[in-house]
Structures are given as structure tokens and as C-alpha cells.
Amino acid sequence: MDTGLAIRERLDSIAVKGKQKKQIKCDTDSIAGCVSQRACVYCGARVVLNPVTDAIHLVHGPIGCASYTWDIRGSLSSGSELYRNSFSTDLQEEDVIFGGEKKLARAIDDLVGKYKPRLVFVYATCIVGVIGDDLEAVCKAAAQKHNIEVIPVESSGFIGNKAAGYRAACDALFRLINSGETEKKKNDPKINYLGDFNLAAEAWIIKNYLYEMGIEVNVTFTGDSDYMALKKAPEASLNIVQCAGSMHYLARKMKDRFGIPFMNVSFLGIEDTSDSLRKIAAFFNNDEITRRAEALIDKEIRRIEPLIRGYRKKLQGKKAAVYVGGGFKAISLIKQFKELGIDVVMVGTQTGRREEYEVIHDLVNEGTVVLDDANPSELERFMLEKGAHLLVGGVKERPLAYKLGLAFIDHNHDRKHPLSGFVGAVNFAEEVYSTVCSPVWRFIG
Amino acid sequence: MLDFTPKEIKERASGGLINPAKTCQPIGAMYAALGIHRCLPHSHGSQGCCAYHRSHLTRHFRDPILASTSSFTEGASVFGGGANLKTAIKNVFAIYNPDVMAIHTTCLTETIGDDIPAFLNQAEIPEGKIVIHANTPSYVGSHITGFSNMTRGMVNYLSEATTETKKEQVNIIPGFVNPGDMREIKRLVKAMGINFIMFPDTSGVVDSPMTGKFEMFPKGGTTVEELKDTGNSKLTIALGSFASTDAAIALERKCKVPAKTLKTPIGVKATDEFLMTLRNTFVTEIPYELEEERGQLVDIMVDTHHQFHGKKVAIFGDPDIVIGLTELVLGLGMVPVHVLTGTPGSSFEKEVRAMLLESGLKGNVKAAGDLFEFHQWIKNEPVDLIIGNTYGKYIARAEDIPLVRVGFPILDRSVHSYMPIVGYKGAMRLVEMISNALLDRQDRDAADEDFELVM
Ligand code: SF4
Ligand code: SF4
């Protein structure tokens with residue numbers, strides 16, 4: 001398929017390093033009629049909140065929105081598994097005509113009776129925004145009736161894109177935190193870890209590193225978190241933010257309200273992981289923590305370096321294409337590929353922000369294509385043009401890469417191995433190796 | 001751990017669902033539209049629905065599933081989606097150049113009352129290109145209803161009666177089944193030597209071969225010419241009353257092609273019926289090749305029947321498939337004690353109950369149910385086997401019961417969409433899967449002294 005770039009409106013969203021200015025158009029609405037890879041507000045809110053393990057996640061809408069999000073997230077739990085069920089008000093035609101508030105109230109009653117939760121999130125889907133159900137009022141009444149927290153999530157799909165959903169989720173989380181009365185104990189080495197959803201146990205890996213450094217993780221937002229843990233969020237003396245796209249907003253709110261400072265970190269790849277651990281240690285300005293951090297980094301790097309070197313030998317000179325959700329992840333991936341001797345020749349995101357695109361621009365080599373909100377024909381065109389051997393993406397990108405005879409890495413919910421931290425760096429290298437160098441490619445053609 | 005389902009059954013007042021056994025209309029419409037050659041499905045609504053439907057189909061078929069969207073924003077929801085749709089039509093043909101664009105609505109565009117035919121009248125559709133549509137409000141029916149609506153849309157827009165006398169050809173509407181099933185049904189009809197048009201036909205589209213190239217529109221799918229020609233056929237066979245009848249009836253009304261609804265041909269009986277119907281209208285005999293297959297299947301059933309006798313089974317999934325599976329397991333001497341579909345429709349319960357009654361059985365039967373209830377049934381009356389889609393794995397684990405994966409969606413296993421469950425061959429495969437599941441279980445549970453080489 002060579003459709004070229006038949007629509008001019010897309011031109012500003014694509015740049016080639018060295019040829020064009022640094023800035024590309026991003027954070028805008030997709031163009032009608034494109035095969036966009038993007039999702040909606042509800043989707044953004046759901047992915048952020050879903051890992052809260054002991055909450056009822058009740059989707060107020062017709063059945064689809066709940067069906068498609070039933071346990072697809074891949075976040076692990078050390079406690080409750082309640083979050084892995086699918087709850088929906090299953091709105092029917094008459095509800096759409098007469099309003100769904102009563103049905104929602106009854107559904108909450110039903111679920112509270114069955115599961116005795118302390119926390120219910122009620123997600124608004126598109127239709128709720130249109131029929132005008134007063135979610136706030138229904139939730140408030142239910143909260144009073146059952147004496148638990150029932151928090152509405154304003155996530156009607158059409159009010160923006162996935163990024164707006166992240167904000168809706170952060171607003172819901174902030175409501176929860178802000179309604180507690182916990183006291184902050186100053187300067188304990190206790191931190192909140194924001195923007196890790198514990199896919200394939202990633203949050204646990206980072207938690208262990210920090211523990212080794214003498215730092216306690218107070219609560220993770222939201223991987224393997226629960227009601228009680230989230231309530232204690234104000235006790236932390238620092239917020240570290242991994243997935244900035246989804247959690248930067250909450251970090252700001254917590255800074256304004258509780259005075260908790262925050263910093264961006266990244267645990268993808270050796271370089272970013274080491275830098276981030278050092279940054280955290282530096283924040284506490286405590287010799288013991290710094291010493292432990294250095295010891296940890298040293299030990300881990302010594303352990304994994306020979307492994308990485310082995311993979312590097314086999315992968316050197318290969319070319320990668322990246323198309324992921326957020327800009328922050330793209331940045332880390334570019335660095336991580338460098339560690340493996342691989343050049344990134346195409347890089348794009350669904351929701352990257354301007355600053356992130358600037359960093360990306362500085363990191364990549366001359367000639368690399370940078371693009372926002374790409375569609376499959378663009379992905380295909382640039383991957384082929386640039387001679388990529390490998391694509392990093394999510395569920396919808398996988399078969400596209402395969403059909404082109406390219407290797408593929410899932411860096412989204414469908415991944416099965418942790419890709420965070422030093423362990424993750426090795427897993428990543430191994431995954432790249434196993435797909436790029438698989439014998440199956442020999443049979444094509 | 002994953003088991004949050006209490007045994008005690010209480011009436012639920014809310015009408016809400018816990019762990020649904022259905023999903024929404026648009027995904028069914030999208031799947032049906034993929035069964036037209038060189039067609040791009042288009043989701044008229046916000047991006048999220050389209051992204052979800054594509055991901056879900058991608059996970060099931062493991063092939064690229066492409067569809068465009070009107071990308072609704074707040075403005076469109078307030079002022080109507082006409083402008084978005086017109087831009088979308090222009091862009092879709094300019095960028096992707098399909099022959100057909102098949103539009104379906106979502107709950108959002110249904111609720112704000114977008115009038116698609118009116119928009120289409122005002123839109124500029126390039127010369128020689130075709131746009132069809134179906135209304136698919138997700139607060140009615142299920143994904144099966146959506147499939148049915150889009151299939152009927154094909155008839156409404158495209159079927160034409162242009163010949164004086166009807167041609168010696170049959171229309172076959174396969175229903176919401178895998179491309180592997182569609183291929184198998186086509187093989188049967190070809191073996192009978194009968195001309196046919198199958199629509200929709202997703203084989204060659206969502207199970208396309210690896211060529212090292214990415215084809216946005218692979219070779220498969222029913223062509224527009226064929227869809228038009230359906231109006232000239234002598235007979236339409238709708239396989240599965242839920243997914244296929246509406247289109248067949250629409251075609252009967254529009255082009256006077258007699259419609260006949262049969263069960264999805266799962267198992268000996270339903271496959272026999274399908275072939276006999278074809279024979280009665282078109283040819284004098286069934287070729288030996290198929291008789292031989294039937295004979296093999298029955299031979300296999302005889303060889304294995306002792307394993308199945310009296311074994312209790314719980315079946316859930318899409319109505320046409322579940323009805324077929326129920327008939328198949330009854331034929332093996334199994335006892336279907338719980339039978340459920342998420343799709344609403346009273347005929348499901350009637351049909352399944354009648355089959356049970358005929359075998360002297362009673363069981364829990366329900367349409368518009370959910371897997372929470374299904375799980376409760378199993379807690380109250382345990383079974384030896386569950387047959388259903390991937391979502392059955394939670395119950396299978398909680399109750400330690402083997403699960404045979406059949407239906408849509410299957411998200412945690414591969415290859416299934418290539419392998420038929422219909423026809424005699426499909427039945428052989430089902431018998432093998434069911435038998436293996438039960439025997440693997442027996443091996444796993446056997447004490448050393450009971451562990452046997454020959455089973
Ligand atoms: S909004 Fe409607 S069409 Fe979209 S996923 Fe939800 S139920 Fe389906
Ligand atoms: S209906 Fe709206 S909220 Fe639901 S998936 Fe679609 S865009 Fe998202």
C-alpha cells in the first residue's frame with residue numbers, strides 16, 4: 001500500500017531531523033477519516049485507575065466500554081483481585097431515553113451488597129455525557145447511604161483524547177487523597193511512586209531497588225495500590241513520576257496541596273535507571289542512601305553488563321522504529337536502543353507533548369522521522385523507507401509489523417516480562433534479540 | 001483468589017452486568033464489513049470505540065484490523081456529526097482508496113440522533129465508490145446484533161434483482177464465525193458442485209497469508225459484484241438465526257429470493273441439514289467425499305462415546321454457536337446443565353430448552369445473562385467441562401474445571417481462527433478437543449496406580 005501522504009493536514013505532524021524545524025504539531029484532535037491508533041478519554045482514565053486492586057470499577061454506559069476493558073491491563077496485585085472483574089450498568093434503550101441515574105444507583109447498591117468494597121469508581125462513558133446523568137449526585141448519595149467512597153470519573157469519551165482521561169483519573173485520585181486526614185512526617189525517606197501500573201511486576205522491581213537504598217515506597221500510583229495505601233499518600237516526602245504523561249498532573253496537584261516536591265524519573269534502560277536512582281538519592285542528601293545507591297547500581301551493572309554486551313554484539317547496526325503511547329517512553333526507548341547499538345530511525349507517539357518532542361529531536365540521528373498520532377499507512381511507509389528491522393508498539397501495531405516481515409516488541413499492556421530497571425534492561429535486550437534474530441523471518445518471500 | 005462469586009443466588013435488582021457474556025454492536029458491524037472485498041469499516045463516533053473494537057479483533061485474529069473513525073470531539077457531539085462524516089468520507093477515499101466504505105454508528109452518534117442517510121445524500125462520494133451504513137446502537141442487542149445489522153445493510157444497499165429468472169446459485173450467510181469456518185462452509189458447497197455467494201466472507205481478510213507486504217485490502221472478501229448478484233440467486237441460506245436471518249429476510253423482501261434459516265452447521269445433525277437443504281434445491285446427490293467425512297465423524301463418535309456419556313457440561317457464548325454446541329454435545333451423550341448467552345432474545349431459551357427436553361433433560365438456560373450468574377450456577381451444580389470463549393478461564397480456574405475454548409473472543413490462544421468448528425471436519429475437531437480436555441484432566445488427577453498408558 002503506498003498511499004503517500006494524501007492529506008496535507010498531516011504534514012505538520014511529521015518531521016525529519018535535519019531537514020525541518022524542531023517543532024511538530026501534537027496534542028491536537030485526530031483528523032476525521034483517519035485510521036488513528038489513538039484511544040479515548042475513558043480509555044485513559046481506565047488504564048490509570050484500573051490497577052487500584054480493591055476498588056469496584058463500575059462502568060456506567062452500554063456494555064462495550066466495560067467488555068473491552070475487562071482485565072486487559074496486565075497489572076499485578078499482591079492483594080485483592082476485585083479489580084479484575086468487569087462491572088457495567090449495561091444501559092439499554094429505555095435508560096438512554098429516560099436517563100440512567102436510577103439504574104446506576106441500583107447497580108452500586110447491588111455491588112456494594114455483594115462485595116463490601118470501601119471504594120467505588122464510577123466511570124462516565126460517552127453516552128452518559130450526552131444523556132446528562134448527574135453522576136456526581138448519584139455517587140454522593142450512594143456514598144452517604146453505604147458510608148464508603150464512591151467517586152465519579154468524568155471520562156466521557158468525546159470530551160478530548162486519552163490525555164484528558166489521564167487528568168480525569170488524576171482528579172478522581174486526588175479526591176480520594178484529599179479527603180483523608182493523614183499527617184505528613186517530615187523528611188522520612190518515604191516516597192510515592194507515580195506512573196507505574198505494575199505491568200508484569202515492574203513496580204515491585206523498583207520498590208525493591210528503593211528498599212535496598214533505604215527508601216520506603218509509601219504508595220504506588222496506581223500499580224498494586226489499594227484504598228488504604230492511597231489514603232496515606234500525603235505522608236510521602238517526595239513524589240517520583242515515571243509515566244509523566246499520565247501522572248505529572250497529579251504530582252503538581254499534590255505539590256500545591258500538600259507541598260510534596262516531585263521529580264521525573266525513568267526506569268527504562270541502564271542509563272535512565274542509574275540516573276534516576278542517583279537523582280532520588282541526591283534528593284535526600286543522606287550519605288548512607290547515596291552509598292547504598294551507588295553500591296546497588298554498581299552491583300547491578302556488573303551483573304548485567306556482560307549479558308547486554310552479548311546481545312549488543314548480535315544486534316549492532318540494526319534499526320528500530322518506535323510507536324508508543326507517551327513521549328516519555330519514546331525518549332527512554334531511544335536511549336535504551338543506543339545501549340544495544342541500535343539506531344532509532346522512526347519515532348512517534350499517540351499523546352506526546354511539545355517538550356518531549358523537542359527532547360526526542362535532540363536525541364535522534366539526522367534523518368530520523370518523528371511523527372505524532374500516526375496512522376498505519378504512515379507507519380508502514382516510514383518503516384520501509386528507513387529500513388527498520390523492528391517495531392516497538394502496542395496491540396494494534398503488532399500484526400502490522402509482522403505482515404511487513406519486521407520483528408516486534410510489545411511495550412504496552414500485552415507484555416509479559418518486566419521491562420523496567422536493570423532486570424528489565426536485560427529482558428528488553430533478550431526480547432529484541434529473540435524477535436529480530438528469530439528463524440521465522442527466513443520463510444518469508 | 002480470583003473467585004469473588006458467592007454461591008448463594010439472589011435476584012439482582014439493578015439490571016447491571018457483572019462479567020458480561022456479550023459486547024456491543026459496532027464490533028460486530030466492523031467484523032461483518034471486513035468481509036467485503038476492499039472495504040474499510042468506518043466507525044462514526046469518537047476514537048475510543050474504534051480503538052477498542054480494533055484491538056479486540058486484533059487480539060482474536062492476530063491480523064491487522066483496520067477501520068477509520070469520525071474522531072468525534074465535543075463540538076461534533078453538540079452540533080451533530082454531519083461535518084465530521086463528510087470530512088471522513090473525503091479523507092478515507094483520498095488516503096486509503098477502498099472500493100467500499102461501510103459506516104456503523106456508535107452509542108454516541110445514535111444518542112445524538114445523527115441521520116446517516118441524510119449525511120450521505122450531502123456527501124461527495126467519488127465516482128465508482130460505494131458507501132453503505134448500518135445503525136448499531138450499542139444499548140440494544142449485542143455484537144451479534146451489530147453483525148446482523150451490517151449484513152442486512154449490505155443487502156439494503158447492494159443486492160439487486162436484475163435477471164428474469166433466478167440463477168442456479170445459492171446465497172450463504174455464514175454468521176459471526178471465524179474465517180476458518182467460512183472456508184470450511186465454502187469447501188462443502190464447492191464439493192457439492194453448487195454455485196454460491198457467501199457474504200460476508202472474512203476469509204482471506206483476517207487470516208491473510210504472510211507475503212512480506214502489508215496489504216491494507218487483502219485478496220479476500222465478497223466483491224461488490226457478488227453482493228449485487230445476491231438478488232439473482234435462487235435461495236438464501238442463513239446460518240444461525242441471530243446473526244443471519246435479518247439479512248436473508250431483507251433479501252427476500254427486496255429481491256424475492258426465498259430465505260431459509262438453518263442452525264450454524266455444528267455437529268452431525270446441523271451439517272446434515274445444511275447439506276440436505278442444498279441438495280434438495282440444487283443437485284441430486286451428496287458427493288462421496290462428504291459422505292465419507294460424515295462416516296468418519298460418526299466412526300469417531302462411536303469410538304469415543306464412552307468417554308462422554310453422562311459428563312456434565314456448561315456452555316456459554318454467542319447464541320448461534322451455543323445452540324450448535326449444545327446439539328453436538330447432546331449427540332455425544334453429554335449433559336448440558338448450564339447454557340447461557342449474553343445476547344438477548346427469547347428464541348434462544350426456547351430452542352435450547354426444546355433440545356434438552358427432547359433428550360429428557362432439564363437445565364439452566366438463559367439469554368441476556370452474564371458470567372457471574374453462569375459461575376453461580378456452576379457453583380451450585382458443578383460440571384466436568386466448560387465450553388466457551390476466553391473469559392471462561394476465570395471460572396475454570398476458580399472451580400478447577402477444564403475449559404475448551406470455542407467462540408469469540410479468544411484472546412489467550414492462537415491458531416483457533418484458522419481451524420473450523422463447522423461441518424463434519426469441524427465436528428471432528430470439537431470431539432478431539434473435548435475428548436482431550438477430559439482425558440488430560442483424568443491423567444492429571446490420576447494417582448500413580450491409576451495412571452494408564454492406554455486410555
Ligand atoms: S461507547 Fe458504545 S459503541 Fe463505544 S465501546 Fe462503549 S458500548 Fe461500544
Ligand atoms: S463510547 Fe466513548 S467512552 Fe466508550 S470507548 Fe467509545 S469513546 Fe470511549
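Trainee: A residue is near a molecule or strand if one of its heavy atoms lies within 4 Å of it. Going by that, which chains surround ligand 1?

Mentor: Residues from chains A and B surround ligand 1, so this site is shared between chains. Keep in mind that this is a predicted model, in which local features need pLDDT of at least 70 and side-chain atom pairs count only at pLDDT 80 or more, while totals for chains, interfaces and linings use all residues. Residues are numbered from 1 along each chain as its sequence is written, chains are lettered from A and ligands numbered from 1 in the order in which they are written, and side-chain values use heavy atoms, with hydrogens and water left out.

Trainee: Fine, which residues are around ligand 1?

Mentor: From chain A there are Pro62(A), Gly64(A), Cys65(A) and Tyr68(A), and chain B brings Cys24(B), Pro26(B), Cys49(B), His53(B), Thr106(B), Cys107(B) and Ser138(B). Two or more residues of this shell come from α2 of chain A and likewise from α2 of chain B, where helices (H or I, at least four residues) and strands (E, at least two) are DSSP runs numbered from the N terminus. The largest share, 3 residues, belongs to α2(A).

Trainee: How many of those are nonpolar, polar or charged?

Mentor: The shell around ligand 1 has 7 nonpolar, 4 polar and no charged residues; here Ala, Val, Leu, Ile, Met, Phe, Trp, Tyr, Cys and Pro count as nonpolar, Asp, Glu, Lys and Arg as charged, and the others, Gly among them, as polar.

Trainee: And ligand 2, which residues come nearest there?

Mentor: Cys40(A), Tyr42(A), Cys65(A), Cys126(A) and Cys49(B) come nearest, out of 10 residues around ligand 2. Chains A and B both supply residues around ligand 2, so that site, too, is shared between chains. Helix α2 (residues 47-61) of chain B gives the most to its shell, with 3 residues, and by class the shell divides into 6 nonpolar, 4 polar and no charged.

Trainee: Switching to the interface, how many residues does the contact take from each chain?

Mentor: With contact meaning heavy atoms within 4.5 Å, chain A puts in 70 residues and chain B 69 residues. The buried area, which is the accessible area (1.4 Å probe) that two parts lose on being put together, summed over both, is about 6100 Å² between chain A and chain B, and carbon and sulfur atoms give 63% of that. Tyr68(A), Trp70(A) and Lys403(A) supply 15% of the area that chain A buries against chain B, more than any other three residues.

Trainee: Lys403(A) again: which side chain does it meet in a salt bridge?

Mentor: Its partner is Asp63(B), at 2.8 Å from N to O. A salt bridge is a side-chain nitrogen of Lys or Arg within 4 Å of a carboxyl oxygen of Asp or Glu, and the rule finds 2 across the interface of chain A and chain B.

Trainee: What does the side of chain A that touches chain B have by class?

Mentor: That side of chain A has 37 nonpolar, 18 polar and 15 charged residues.

Trainee: What about Asn147(A), is its phi positive or negative?

Mentor: Phi of Asn147(A) is positive, near 55°, in a residue other than glycine, and Asn147(A) has its place in the loop between α6 (135-146) and β5 (149-153) of chain A. Most residues other than glycine have a negative phi, and most peptide bonds are trans.
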